[in-house]
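Take a first look at the chain below.

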Amino acid sequence: MIELFFALVIKHVWIDLGLQNYLSGRKDQYIGPGHYHYLQHGLGTFVVVTLFINPYAAWFAAVFDYVLHWHIDYTKQHLNRKLKLEYRTKNWWWMQCVDQTLHHTTYFAIAYYFTFLTN
(Lines give C-alpha, C1' and ligand atoms only; values in the text may rest on other atoms or scores of the structure.)
Protein backbone atom coordinates (compact mmCIF):
# COMPACT_ATOMS: atom_id res chain seq x y z
CA MET A 1 0.00 0.00 0.00
CA ILE A 2 2.19 2.76 -1.36
CA GLU A 3 -0.41 5.39 -0.46
CA LEU A 4 -0.18 4.50 3.25
CA PHE A 5 3.61 4.70 3.19
CA PHE A 6 3.51 8.06 1.41
CA ALA A 7 0.95 9.45 3.86
CA LEU A 8 3.10 8.33 6.82
CA VAL A 9 6.17 10.01 5.32
CA ILE A 10 4.24 13.26 4.85
CA LYS A 11 2.95 12.99 8.43
CA HIS A 12 6.52 12.50 9.65
CA VAL A 13 7.81 15.58 7.83
CA TRP A 14 5.04 17.80 9.15
CA ILE A 15 5.49 16.65 12.73
CA ASP A 16 9.29 16.40 12.77
CA LEU A 17 9.84 19.74 11.03
CA GLY A 18 6.63 21.70 11.44
CA LEU A 19 5.59 20.79 14.97
CA GLN A 20 9.03 20.13 16.47
CA ASN A 21 8.96 23.42 18.39
CA TYR A 22 5.44 22.94 19.77
CA LEU A 23 5.13 20.84 22.91
CA SER A 24 8.44 19.17 22.16
CA GLY A 25 10.90 18.94 24.99
CA ARG A 26 14.37 17.59 25.51
CA LYS A 27 14.81 14.09 24.21
CA ASP A 28 17.86 13.15 26.26
CA GLN A 29 15.79 11.92 29.20
CA TYR A 30 14.31 8.44 28.91
CA ILE A 31 11.16 9.60 30.68
CA GLY A 32 10.69 13.30 30.15
CA PRO A 33 9.27 16.10 28.02
CA GLY A 34 10.43 14.48 24.76
CA HIS A 35 7.38 12.24 25.06
CA TYR A 36 5.20 15.10 23.84
CA HIS A 37 7.03 14.80 20.50
CA TYR A 38 6.73 11.02 20.43
CA LEU A 39 3.04 11.29 21.28
CA GLN A 40 2.55 13.69 18.37
CA HIS A 41 4.00 11.02 16.09
CA GLY A 42 1.90 8.25 17.59
CA LEU A 43 -1.32 10.24 17.28
CA GLY A 44 -0.41 11.38 13.77
CA THR A 45 0.20 7.78 12.77
CA PHE A 46 -3.15 6.79 14.27
CA VAL A 47 -4.96 9.42 12.19
CA VAL A 48 -3.15 8.49 8.97
CA VAL A 49 -3.55 4.73 9.35
CA THR A 50 -7.23 5.13 10.25
CA LEU A 51 -7.74 6.58 6.76
CA PHE A 52 -6.65 3.23 5.31
CA ILE A 53 -7.28 0.55 7.96
CA ASN A 54 -9.74 0.11 10.83
CA PRO A 55 -9.13 2.12 14.03
CA TYR A 56 -8.27 -0.93 16.12
CA ALA A 57 -5.39 -1.83 13.83
CA ALA A 58 -4.39 1.84 13.68
CA TRP A 59 -3.77 1.80 17.46
CA PHE A 60 -1.20 -0.95 16.94
CA ALA A 61 0.59 1.21 14.35
CA ALA A 62 0.37 4.28 16.60
CA VAL A 63 1.92 2.53 19.60
CA PHE A 64 4.58 0.96 17.37
CA ASP A 65 5.53 4.38 15.95
CA TYR A 66 5.44 6.03 19.38
CA VAL A 67 7.77 3.45 20.95
CA LEU A 68 10.19 3.33 18.04
CA HIS A 69 10.28 7.12 17.65
CA TRP A 70 11.01 7.44 21.35
CA HIS A 71 13.92 5.00 21.27
CA ILE A 72 15.37 6.26 17.99
CA ASP A 73 15.40 9.90 19.13
CA TYR A 74 16.59 9.08 22.64
CA THR A 75 19.46 6.96 21.28
CA LYS A 76 20.39 9.66 18.77
CA GLN A 77 20.62 12.26 21.53
CA HIS A 78 22.88 10.03 23.60
CA LEU A 79 25.11 9.16 20.66
CA ASN A 80 25.41 12.83 19.75
CA ARG A 81 26.54 13.57 23.29
CA LYS A 82 28.83 10.54 23.62
CA LEU A 83 30.48 11.21 20.26
CA LYS A 84 30.56 14.95 20.99
CA LEU A 85 28.85 15.80 17.74
CA GLU A 86 28.44 19.54 17.49
CA TYR A 87 25.23 20.97 16.09
CA ARG A 88 25.15 21.16 12.27
CA THR A 89 28.61 19.74 11.72
CA LYS A 90 29.24 17.13 9.03
CA ASN A 91 29.04 14.21 11.48
CA TRP A 92 25.94 15.64 13.14
CA TRP A 93 24.20 15.67 9.75
CA TRP A 94 25.22 12.04 9.17
CA MET A 95 23.62 11.15 12.48
CA GLN A 96 20.48 12.92 11.25
CA CYS A 97 20.59 10.71 8.13
CA VAL A 98 20.67 7.59 10.30
CA ASP A 99 17.82 8.96 12.42
CA GLN A 100 15.61 9.73 9.42
CA THR A 101 16.42 6.41 7.75
CA LEU A 102 15.25 4.57 10.87
CA HIS A 103 12.05 6.61 11.06
CA HIS A 104 11.22 6.02 7.41
CA THR A 105 11.99 2.33 7.84
CA THR A 106 9.39 2.33 10.63
CA TYR A 107 6.80 3.67 8.19
CA PHE A 108 7.79 1.17 5.55
CA ALA A 109 7.37 -1.62 8.13
CA ILE A 110 3.90 -0.36 9.06
CA ALA A 111 2.80 -0.13 5.42
CA TYR A 112 4.34 -3.52 4.65
CA TYR A 113 2.62 -5.14 7.61
CA PHE A 114 -0.83 -3.87 6.68
CA THR A 115 -0.31 -4.58 2.98
CA PHE A 116 1.15 -8.08 3.05
CA LEU A 117 0.89 -9.60 6.50
CA THR A 118 -2.71 -8.89 7.48
CA ASN A 119 -4.50 -10.18 4.38
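Is Arg-88 buried or exposed? Arg-88 counts as exposed, because its relative accessibility is 53% and the cut-off for exposed is over 50%. Keep in mind that this is a predicted model.

**The loop between H3 and H4**

Arg-88 is found in the loop between H3 and H4. Lys-84 lies in the loop between H3 and H4 as well. Lys-84 is exposed too, with a relative accessible area of 70%. Most residues other than glycine have a negative phi. Arg-88 has a positive phi, near 65°. Phi of Lys-84 is also positive, near 55°.

| Residue | Phi | Relative accessible area |
|---|---|---|
| Lys-84 | near 55° | 70% |
| Arg-88 | near 65° | 53% |

**The fold as a whole**

The chain has four helices and zero strands. Read from the N terminus, the order of elements is α-α-α-α. The C-alpha atoms fill a box of roughly 45 × 25 × 20 Å along the principal axes. The radius of gyration is 15 Å. A compact globule of 119 residues would have a value near 14 Å, so the chain agrees with that expectation.

Of the 119 residues, 39% count as buried. The accessible surface comes to about 7500 Å², and 70% of that area belongs to carbon and sulfur atoms.

**The core**

In soluble globular proteins, nonpolar side chains tend to be buried together. Here the largest nonpolar core has 15 residues. Leu-4, Leu-8, Val-49, Ile-110 and Phe-114 have the most contacts inside this core. Which helices each supply at least two residues of the core? They are H1 (2-18), H2 (35-50), H3 (55-82) and H4 (90-117).

Ile-110 gives a close-up. Leaving aside residues up to four places away in sequence, Ile-110 touches Leu-8, Thr-45, Val-49, Ala-61, Phe-64 and Asp-65.

**Helix H2**

H2 has 16 residues. From its first C-alpha to its last, H2 reaches 22 Å, close to the 22 Å expected at 1.5 Å a residue. Its buried residues include His-35, His-37, Tyr-38, Gln-40 and His-41. Further along, Thr-45, Phe-46, Val-48 and Val-49 are among the buried residues of H2. What covers the buried residues of H2? The cover includes H1, H3 and H4.

Conventions. Residues numbered from 1 in each chain as written. Predicted model: local features only at pLDDT ≥ 70, side-chain atom pairs only at ≥ 80, totals over all residues. Heavy atoms only, no water. Core = buried A, V, L, I, M, F, W, Y, C linked by side-chain atoms within 4.5 Å. Buried < 20%, exposed > 50% of the residue type's maximum accessible area, 1.4 Å probe, protein only. Contact = heavy atoms within 4.5 Å. Expected span 1.5 Å × (residues − 1). Rg over C-alpha atoms; globule rule 2.2 N^0.38 Å. Areas by Shrake-Rupley, 256 points an atom, 1.4 Å probe, with all protein chains shown as cover.
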